[in-house]
Amino acid sequence: MENNAFYVALSLLLNLDASLFQIVALSLQVSLLAVLIAAVLGFPLGAAVALWRFPARGGVIVVLNALMGLPPVVAGLTVYLLLSRAGPLGEWGLLFTPGAMIIAQVVLVLPILAALSRQKVEELLGEYREQFISLGMSRGRMMPTLLWDARFALLTVLLAGFGRASAEVGAVMMVGGNIEGVTRVMTTAIVLETGKGNLPLALGLGIVLLTLVMLVNAGAYMVGELTRRRTG
Amino acid sequence: MTSLNAPLLASSALFPPPALCFDGVAYSHENKVLLGPCSFTLEGTGPTLVMGPNGAGKSLLLRLAHGLILPTQGRVAWSGEIRPRQAMVFQQPVLLRRSAVANLIHALAVNNIPRRERSKLAFDALERFGLTTCANTPARVLSGGQQQRLALARAWVLSPQVLFLDEPTSALDPAAIKAVEAAVREFHQRGTRIVMTSHDIHQARRLAGDVLFLSGGKVREHTPAEAFFDAPVSREAQVFVAGELVE
């Protein structure tokens, strides 16, 4: 019985295991905060690329699209080099803290949010452009209108970003260090337990992680449906 | 009403409506001339009906006049130095993914109407166009006729001196067409200069003050409505008024 992953997952949850809850809380905290920061930066960036015409625009779009596939370990390595003692941002003393993990995940999620929101906003702009010009709107004024009107599509984009952040292990492992009680999150714990041969616990953690991601998605879906019904 | 309408009422009472001047205007795309070159001046009170068969360049002419696109040749100018306040209603109304009233409030907000005045102006316009009960309905789920009336209400709250309408009734049923035409008359009575495209000769007879007739990207004639319908000058317009098919 103790070797059954579902049993382990269930007993982890039912026993309100304190260290498990800390891991879960940190996982959510890091990933949600990273997605939030990436959204605040990435949505306006995506909208700006959709709205403005500038010489290197095509290049920017290609780079953003390509960075959607940025390997987490490469992002982790870059942030590691930046934050390490000898690195340019070493003074911040962020390496092996949750702050470093958030930075690394922002680097991973930002291109996804920017590239996909660029596409969504551009589609919407095609539909709205003449009306906007007719209303005498500047490009800067169009941006909030477009972002708000693309809100349902952007919610899905946000979930894609959250999926990337919560599933990712390479970057948080490198810059966080998987320190118990400090920077250990679900994915790094799974890697550790697998390495130790504690497969039921690793699988149990995996089931908890999946359930969490499922809950976040279900919540977002319900919020989306409710507002869609109310405001079209 | 409010400060928004005050300058408009004053100006339309004291001054003639702004005249629109096309000076050798042409528009071409990929070396193909789609419109013009044409020169004419829209004066008087209108309403001006821009008529002609499909593909004659009616919508293009309207977009050039409104400034949505720039001519590849020639100049579009207004009498007086300032560009008049203007609005446009499209064949397919472009409505935001928000409630009906939020669409109007958005239009007021981008035109820098003070926040406290927006709601009242918006609800007044909804009432005028018979949309009060749909105020909080998502604009996208309104019927075609309601959507077009909402687009007209959005133009109304902006108090335009000139209103362009591009085939506003072509996708509507008779009852909705009637409502749109009534709205156009209301704009006209308020002193808004109407410039509207239509390929429906009956509609033109009901609304037109003067007719600008296009075919094949050229302005064939520009005459008062009675003259156009009774004795069109150009061969194309004669064929069009006679109800035959014009190329």
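**A strand covered on both faces**

Strand β5 of chain B (residues 86-89) has cover on both faces: Gln86(B) and Met88(B) on one side, and Ala87(B) and Val89(B) on the other, are all buried. Buried means that 20 or more other C-beta atoms, placed from the backbone, lie within 10 Å of the residue's own; 12 or fewer makes a residue exposed, and anything in between partly exposed. In a regular strand, side chains alternate between the two faces of the sheet. Strands here are DSSP runs of E with at least two residues, and helices are runs of H or I with at least four, numbered from the N terminus.

This is a predicted model, in which local features need pLDDT of at least 70 and side-chain atom pairs count only at pLDDT 80 or more, while totals for chains, interfaces and linings use all residues. Residues are numbered from 1 along each chain as its sequence is written, with chains lettered from A and ligands numbered from 1 in the order in which they are written.

β5(B) runs parallel to strand β6 of chain B (residues 162-166), and four bridges join them; pairing requires at least two DSSP bridges. Ala87(B) has Leu163(B) in β6(B) as its bridge partner.

Chain A has 10 helices and zero strands. Of its 232 residues, 39% are buried. Its C-alpha atoms fill a box of roughly 70 × 50 × 25 Å along the principal axes.

The contact between the chains takes 14 residues from chain A and 18 residues from chain B, where contact means C-beta atoms, placed from the backbone, within 7 Å. α5(A) gives the most to chain A's side, with six residues.

Terms used:
Contact = placed C-beta atoms within 7 Å.
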